[in-house]
Amino acid sequence: MSPNQETSLIDHFDNHLKGIASPELEQLLAQDPEAVQEWARLQLAVEGIKELGLYEQVGAVRRTWQQQQETATPSIVRRLSHGYFRAAAVIAIVAFSGIAVYKYTTTSAAGVYAENYISFQSGTQRGTGMADDVRQAYQEKNWAGVIEAFKHAAVHNNENLFLTGMANLELKRYAEAAVLFQQVIDNNAKAHDTLFEEDAEYYLAMTQLAANHAKEAMPLIDRIKADPHHAYHDQVKKIPSIDLWIARHK
Amino acid sequence: MSVAVKYTDAELIAAIKDERQLNSAILFIYKKYAESTSAFIMSYGGSRQDAEDVFQDTVVAFINIVTKGSYRMEASIKTFLVSVAKNIWFNEVKRRERADFREKAYEAGREVKEQDISQVISEMEQKRALRDLIHTLGESCRKILLLFYYENLSMKEILGHLPYENEQVVRNKKYKCLQQLTGIIKSSPSIVTQMKEIAK
């Protein structure tokens, strides 16, 4: 087949995938055995591409699931001590007003962030998704590299949006981080999806705290705290209520 | 949305068939079935990594079956997934030619109803071979073909994801990449033979 015939066959093939019939194609396939063979190879190629796409999509969800598991497990331990912290804080306020004043003057939203921030660990599993460069730079803690890879990423999916948000947060570029986390949440709302949803909610709240925007952070914090199924529920519950109260009212 | 979606078996099947819900459905499958299936694989000598890789292959195979309309819901999804995972793992053991595992695996495998599953496994292996073939393409070619054929993006939309000058450049690149891939397939006659059934 000539190169022109090949590209023409590909056009017919793409139209065929869209359900567009072509008498010209029927004729070509009836007359040209070579075209029939090339047609079969095109079918195989696209079958393989779709298989690879699905494999990578499942791989991306697998990483989300692993990350959710990693963040959920250690926080169970912290949760046990949460009651102690809260009770101790209340007693401290009543009994030691001086300490309370000190506490009030020294606690800030950014302080709450600094004391409670934990890095997000990106998965390192098999499955080369389209966010590979971003993920690899993230795993290497090359924050600038993450942002650069994101600029050149083929797809701005939730994974690389989220990881780039995290890179910005690590670099204290709070405004940029907040935009990216919000984009993950918006994407999910649009697609009725949940990929990186809970991660984005938690780290958006942390970003707002870091930027001393307690008013923006609190609705998210309250929502996560009220939802026992949220992946970061235990993590948020371990933040002393007194600190949150001060950050909220200061 | 902060609370994970929960599905009945029938709802899960419907969600898998709905492109917009596919990610939620996959996440639900992981949350509900990954641990128990992985525990099974590990009880047959697989490592944690083996178990997770097998489960990923299992989920891909399950989605393929459902989207083709071949899933008949005769058994629960859990039973079906465990059977598929079990067979994938036994096959993997065989592939690794580790006699100590193999003997134990095949003994246990006899108790499973396998008519449908064996076809799934054979098809899955062929598709894996095809997937490996696609990995010999360059990264840019893989991306453009995935965006067009898997994500179903238009040339204009692809332009927003890749650093090309205009839609015509994207179109030309896509032609070349697809031709490159069919060329690779052409030079691998064994793949063509193996894949005849899938291409039908």
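Where in chain A does Leu195(A) lie? Leu195(A) is found in the loop that runs between α9 (174-191) and α10 (197-210) of chain A, helices here being DSSP runs of H or I with at least four residues, and strands runs of E with at least two, numbered from the N terminus. The model is predicted, so local features need pLDDT of at least 70 and side-chain atom pairs count only at pLDDT 80 or more, whereas totals for chains, interfaces and linings use all residues. Residues are numbered from 1 along each chain as its sequence is written, chains are lettered from A in the order in which they are written, and side-chain values use heavy atoms, with hydrogens and water left out.

**Leu195(A) and its surroundings**
- Leu195(A) counts as buried because its relative accessibility is 11%, where buried means under 20% relative accessible area, exposed over 50% and partly exposed in between, with a 1.4 Å probe and protein chains only.
- Leaving aside residues up to four places away in sequence, Leu195(A) touches Val61(A), Thr64(A), Asn158(A), Val184(A), Asn188(A) and Asn23(B), a contact being heavy atoms within 4.5 Å.
- Although Thr64(A) is 131 residues away along the chain, its C-alpha atom is separated from that of Leu195(A) by 7.1 Å.

**Chain A as a whole**
- Chain A has 13 helices and zero strands, and 50% of its 250 residues are buried.
- Of the contacts in chain A with a separation of 6 or more, 63% come from residues 24 or more positions apart.

**The largest nonpolar core**
- The largest nonpolar core has 132 residues, and Phe162(A), Tyr203(A) and Phe62(B) have the most contacts inside it; such a core is a set of buried Ala, Val, Leu, Ile, Met, Phe, Trp, Tyr and Cys residues joined through side-chain atoms within 4.5 Å.
- The element that gives the most to this core is α3(A), with twelve residues.
- Phe62(B) touches Ile13(B), Ile16(B), Ile29(B), Tyr71(B), Ile77(B), Phe80(B) and Leu81(B), not counting residues up to four places away in sequence.

**The lining of the largest pocket**
- A pocket is an open set of points on a 1 Å grid over the protein atoms alone, where a 1.4 Å probe fits, with protein on both sides within 12 Å along at least five of seven lines, and its lining residues have an atom within 4 Å of a point.
- The largest pocket is lined by 49 residues, of which Gln57(A), Glu19(B), Leu22(B), Tyr150(B) and Glu151(B) lie nearest its centre.
- Nine residues, the largest share of this lining, come from α3(A).
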